[in-house]
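Subject: Handover of a structure

Hello,

I am passing a structure on to you.

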Amino acid sequence: MDDEKRKKLTLESRMVYYPPEPGSMSVSDPIYMASNFQYTQDIYQRILDGARKEVNIYSRCGNPSEYKFEEQMVYIENGDSCLATASGMAAIAITLFGLLKSGDHIVSDWTTYSTTHEFLDHRFTDFGVETTFVDSSDSKMVESAFRPNTKVLYFETIANPTMKISDIEAIVKMAHDRGVIVICDNTFASPYVFRPLDWDVDICLESATKFIGGHNDALGGTITLKNGLLPADTLEKIRWSTLTKLGGSLSPFNAWLLLRGIQTLHVRVEKQCKNAMILANYLEKHPKVQRVWYPGLPSHPQHEIAKKLLPKFGAMLTFEVGDEQAAVRVLDALELSTFGASLGGVRTTTQVPATMAFLDVPPDQKKLMNIRDGMIRISAGLEDPDDLIADFEQALKLL
Ligand SMILES: Cc1ncc(COP(=O)(O)O)c(C=O)c1O
């Protein structure tokens, strides 16, 4: 199938289809489990001529399994180029180190993934890059934070743990009017629920570890770019200037697992979103539950924006049961759902954001982020929803 035809397929078909490997005609792509490749006499000239991806050198600089995964990500994110990395955090750090230099300024939402927040708040300041933290769902606050040296606006599509959603159209326009690059971490939504590049975001980041892989078995990250404010060769430049220096390359085996994960992403996430909606409705009516945060509920503060932006409301939700002790008691009692750190997999997973994801964030910042001690975050999986409800019902009885 030619490129134009492939681009015109529906998202679901683009997720499933990729061409066979030309030599073997293998329908499942082979895993190039190699760190090293044999040189040929003309290799230097071919590299100088720009045939980087056609000439394999050493897997820290690129590997055919990684390229195949990157190509597929371009098709499903509606991007122009993609760079895969060893993890979501590698994607975030490599993007920021690749684009920014000392003296630059970032405007970032204050409820990003805690490790991202710490990176911006502490580590990046050591390199002379300052960040102003704002509530990105408050467009006026975003506008007032821009400075003449602002280079990047950074936020997440659905922000942990209140599933906050920003008015992406408005804040992207504000940034672009000032020549500011927009970077969106789309991990909580997944490319099935939302594709930031369709909304003029410049760079979309994913922790592919989560919904894309989907089986709690592989770490990975992606940086996908749409040409426009940033030139077409930006990611190849970042590959050579930054990724090869920091060494955050994706392993060929994980690239293969993630490529396979994409093929069922739509089926998994469709059902996960349905389960999340069922759980949200159940929990909202439960007498022991103080509050539920799910963008699909009319009670969610950004429900109207969610309806405008998202065809589905995602598979992530949070509810509150008093204090941290109560939350842990409930999670410990769950038998079908797994109490654990990660999300986006086929199994329903739960955690207490205040003492897990946001453990290192000081109390005053947690307050700003609206993180409460008794919050429980759920990543809805693929189980039968009646079984999930029965599991939560028996656990909530302990309160
Ligand atoms: C929103 C978000 N972004 C990025 C990351 C980092 O991804 P990884 O764990 O693959 O490095 C996470 C991890 O939980 C996350 O939740």
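This is a predicted model: local features need pLDDT of at least 70, side-chain atom pairs count only at pLDDT 80 or more; totals for chains, interfaces and linings use all residues.

The domains first. The protein splits into domain 1, residues 3–262, and domain 2, residues 265–396. Their C-alpha centres are 26 Å apart. In the contact, domain 1 takes part with 40 residues and domain 2 with 41 residues.

Next, the buried area. Together, domain 1 and domain 2 bury about 3500 Å². Carbon and sulfur atoms account for 67% of that area. Three residues stand out on the domain 1 side: Ile165, Tyr192 and Phe211. They supply 20% of the area that domain 1 buries against domain 2, more than any other three residues.

Now the polar side of the interface. Between the two domains, 15 residue pairs are in polar contact, counting pairs with both residues at pLDDT 80 or more. Two salt bridges are found across the interface. Glu169 also forms a salt bridge with Lys308. In that pair, the closest N and O atoms are 3.2 Å apart.

Which helices each supply at least two residues of the domain 1 side that touches domain 2? They are helix 2 (11–16), helix 6 (114–123), helix 8 (168–177), helix 9 (190–193) and helix 11 (252–262). By class, this side of domain 1 has 18 nonpolar residues, 15 polar ones and seven charged ones.

Best wishes

Note on methods:
Residues are numbered from 1 along each chain as its sequence is written. Side-chain values use heavy atoms; hydrogens and water are left out. Domain bounds come from an automatic or database domain assignment. Contact means heavy atoms within 4.5 Å. Buried area is the accessible area (1.4 Å probe) that two parts lose on being put together, summed over both. A salt bridge is a side-chain nitrogen of Lys or Arg within 4 Å of a carboxyl oxygen of Asp or Glu. A polar contact is a pair of N or O atoms within 3.5 Å; within protein, one must be able to donate a hydrogen and the other to accept it, and residues adjacent in sequence count only if both atoms are side-chain atoms. Helices (H or I, at least four residues) and strands (E, at least two) are DSSP runs, numbered from the N terminus. Ala, Val, Leu, Ile, Met, Phe, Trp, Tyr, Cys and Pro count as nonpolar, Asp, Glu, Lys and Arg as charged, and the others, Gly among them, as polar.
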